[in-house]
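Okay, thanks for coming, everyone.

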Amino acid sequence: MIDMQKKIPSLSSNSVRLGALLAIVGGFLDAYTFISRDGVFANAQTGNIVLLAVKVANGEWSRSFLYILPVVAFIFGVLVSEIVKIPQIRQVLHSYRRSILILECIVLTVVGILPSSVPNIVVTVSISFVSSLQISTFNKLDKWSYNSTMTTGNLRTATQAAYSAFIEHNPEAKRQFKEFFGIILAFLFGATSGTFTTTYIGDKSVWIASGFLVIALVLYHRDRGYLRNPIAEK
């Protein structure tokens, strides 16, 4: 039993392997909502805000409401991720990051249970909430900021690091490029697998994303590296 425990990796919140698992979930959910929920990307809110502005400008007030809800859900998720960091609440939860992973799993499990007759807005709002929880709680890759549910910023960082690594021969930038390139590939894998499984399995394929979160939950153990606070979560 002890030997088996030694073979199971113990991942911190800023580890590359945990980041890859979360990026798979991010890519999966984007593909899932796009295919099963009328071409909507629930992870990123930029499109929703632009579409909200378009509907308002065209006087389509009833339609604009559909784009407000995911944004509100995203904001609510960020607030929840901040509230659980309050010292008194952290003490009760013991591990607020683990609690966030559990909450994500629960929400995605419920989404998979919902019948197809449930309005798409219910699903997109739920996944927007999950996305904001993940973005706000797990936002460090090694010592750099990253995003596990959107890839634009990661692509920019990887490109800048590649320039510094291969043109300026910066060894630190080379490591950064490798890590961010791995996250981008993980996101791509998640989006690809989400496309296939949603197409052939249907709405319940979201449970696969929940399964990846369960793996992350099992492997996540403690924070180290960039956390230097003696009372930091262990």
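Quick term before the helix pairs: an axis here is a line fitted to C-alpha atoms, for helices over the stretch in contact, and angles run from 0 to 180 degrees between N-to-C directions. Bear in mind this is a predicted model, where local features need pLDDT of at least 70 and side-chain atom pairs count only at pLDDT 80 or more, while totals for chains, interfaces and linings use all residues. Residues are numbered from 1 along each chain as its sequence is written, and side-chain values use heavy atoms, with hydrogens and water left out.

So, α2 and α10: their axes come within 9 Å and cross at roughly 165 degrees. Helices, by the way, are DSSP runs of H or I, at least four residues, numbered from the N terminus. That angle makes α2 roughly antiparallel to α10, a label for anything over 145 degrees.

Who touches whom? On the α2 side we have, among them, L18, L22 and L29, and they meet a set in α10 including F212 and L213; contact means heavy atoms within 4.5 Å. By type, that contact has 16 nonpolar residues, no polar and no charged, with Ala, Val, Leu, Ile, Met, Phe, Trp, Tyr, Cys and Pro counted as nonpolar, Asp, Glu, Lys and Arg as charged, and the others, Gly among them, as polar.

Next pair: α6 and α7 pack at about 165 degrees, axes 10 Å apart, and are therefore roughly antiparallel too. Their contact includes L108 in α6 and I127 in α7, and it divides into eleven nonpolar, three polar and two charged residues.

I127 also touches L29 and Y32, among others. That's it from me!

Note on methods:
Helices (H or I, at least four residues) and strands (E, at least two) are DSSP runs, numbered from the N terminus. Angles under 35 degrees count as roughly parallel, over 145 as roughly antiparallel, 65 to 115 as roughly perpendicular and the rest as oblique. Lists of a residue's contacts leave out its neighbours within four places in sequence.
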